[in-house]
Amino acid sequence: MQVYKTFLKISLKSIFSAFAYIIAFLTLSMLITQTGNKSDISSFVSEKMEVAVVDNDHTSTSKALYQYVAKKHHIKTVNMKDETWRDELFYRNVDYIVIIEKGFEENYNSSNSSEYMKSYTNPDSNTSFIIRSELETFLQNLNYYKTAGFSEKESIEKAQTVANIHVTTDFKKNEKKIEQPTAMSYFFSFAPYVLLCILINTIGPMLMIWNRPEIKTRTEISSLSMSKRNLALIGAVATCAMVVFFIYLATCIGFFKEDFFSLRGFYYSINAFLYLLVCISATYLVAQLSHKLNALSMWSNGLGLSTS
């Protein structure tokens with residue numbers, strides 16, 4: 001019991017450095033959680049680009065094309081009379097520039113249509129193909145309705161109706177709908193790295209103190225056996241680890257309260273607790289193998305990154 005109490009006293013003296021590690025790794029975990037949640041393919045949303053449309057034709061067709069682009073993307077205003085529009089493209093203030101020349105309505109479907117609708121973009125832009133494809137699809141639909149005998153106004157209305165069609169998609173595997181991951185899922189996915197790094201960097205130094213030869217020698221000549229000493233150390237490490245674990249769960253509750261108090265949250269918590277036992281064992285082992293404090297950081301990053 002004396003070893004247990006002494007370990008906790010040393011832990012209290014190092015509480016500020018321990019909380020510094022906890023805050024740093026939890027902050028990193030939240031940042032990665034937000035990034036992962038936005039980039040997940042199962043929660044895909046169409047991204048709006050910055051597009052500039054210069055209408056020199058001022059016809060019903062050119063106006064319809066302008067309205068279509070305005071619904072799909074953000075409209076930007078650029079000055080085409082000087083070279084500032086090149087700067088806008090270079091600095092990524094605008095992704096795509098469309099210039100509708102006079103005579104566009106009569107010639108947009110002819111062989112020389114490129115002369116009546118010019119476009120500018122960065123050569124290394126990956127978005128230009130998407131915007132160009134959208135414009136071509138809209139004009140093709142417009143031409144199909146005109147060819148079918150509809151009037152100009154009717155063709156524009158029908159092409160706009162087709163352009164507004166949205167299809168909801170579900171990701172399925174083995175005929176079962178895949179449940180989309182939430183932000184809490186990413187938070188717990190990053191738990192192996194966070195828990196392991198916190199425990200090794202906060203508890204590891206204290207274990208290394210107890211592993212010093214002079215302290216081990218004093219324990220051997222005392223009435224306390226080595227087995228009881230080790231059990232007391234494991235209990236103290238488990239206590240500190242549970243404090244870190246509850247702080248981690250409290251952070252999760254603070255940000256993802258609704259998801260946490262669900263069956264999914266219960267499973268994630270149980271899984272994180274079981275992994276915490278692995279982290280305790282790994283921390284104890286790393287402290288036994290390390291002879292310098294600098295080695296703990298290497299161990300924590302190596303093991304943390306390999307398990308996350």
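Analyst: In this predicted model, helix α6, which covers residues 128–147, packs against α7 at an angle of about 135 degrees, and the two axes lie 8 Å apart. Because angles over 145 degrees would count as roughly antiparallel and those from 65 to 115 as roughly perpendicular, α6 and α7 are oblique to each other. The crossing in which α6 passes α7 is right-handed. On the α6 side the contact is formed by Phe 138, Asn 141, Leu 142, Tyr 145 and Lys 146, and these meet Glu 152, Ser 155, Ile 156, Lys 158, Ala 159, Gln 160, Val 162 and Ala 163 of α7. Sorted by class, the residues of this contact are 7 nonpolar, 3 polar and 3 charged.

Helix α7, residues 152–163, also packs with helix α3, residues 60–72, here at an angle of about 15 degrees and with the axes 11 Å apart. That angle makes α3 roughly parallel to α7, and the crossing of this pair is right-handed. From α3 come Ser 60, Thr 61, Ala 64, Gln 67 and Tyr 68, while α7 supplies Glu 152, Ile 156, Gln 160 and Ala 163. The contact of α3 with α7 divides into 4 nonpolar residues, 4 polar ones and 1 charged.

Helix α9, residues 191–202, packs with helix α12, residues 226–255, at an angle of about 140 degrees, their axes being 11 Å apart, which makes α9 oblique to α12. The crossing of α9 and α12 is right-handed, and the contact joins Ala 191, Val 194, Leu 195, Ile 198 and Leu 199 of α9 to Ala 241, Val 244 and Tyr 248 of α12. By class, this contact holds 8 nonpolar residues, with no polar and no charged ones.

Of its 16 lining residues, Ser 11, Ile 15, Ala 18, Cys 240 and Val 243 are the closest to the centre. The elements that each give two or more residues to this lining are α1 (2–13), α2 (15–39), α9 and α12, and the largest share, 5 residues, comes from α12. The lining of this pocket comprises 13 nonpolar and 3 polar residues, and no charged residues.

Terms used: Residues are numbered from 1 along each chain as its sequence is written. This is a predicted model: local features need pLDDT of at least 70, side-chain atom pairs count only at pLDDT 80 or more; totals for chains, interfaces and linings use all residues. Side-chain values use heavy atoms; hydrogens and water are left out. Axes are lines fitted to C-alpha atoms, for helices over the stretch in contact, and angles run from 0 to 180 degrees between N-to-C directions. Helices (H or I, at least four residues) and strands (E, at least two) are DSSP runs, numbered from the N terminus. Angles under 35 degrees count as roughly parallel, over 145 as roughly antiparallel, 65 to 115 as roughly perpendicular and the rest as oblique. A crossing is left-handed if the near helix is turned anticlockwise from the far one by less than a right angle, and right-handed if clockwise. Contact means heavy atoms within 4.5 Å. Ala, Val, Leu, Ile, Met, Phe, Trp, Tyr, Cys and Pro count as nonpolar, Asp, Glu, Lys and Arg as charged, and the others, Gly among them, as polar. On a 1 Å grid over the protein atoms alone, a cavity is a set of points where a 1.4 Å probe fits but cannot get out, and a pocket is an open set with protein on both sides within 12 Å along at least five of seven lines; lining residues have an atom within 4 Å of a point.
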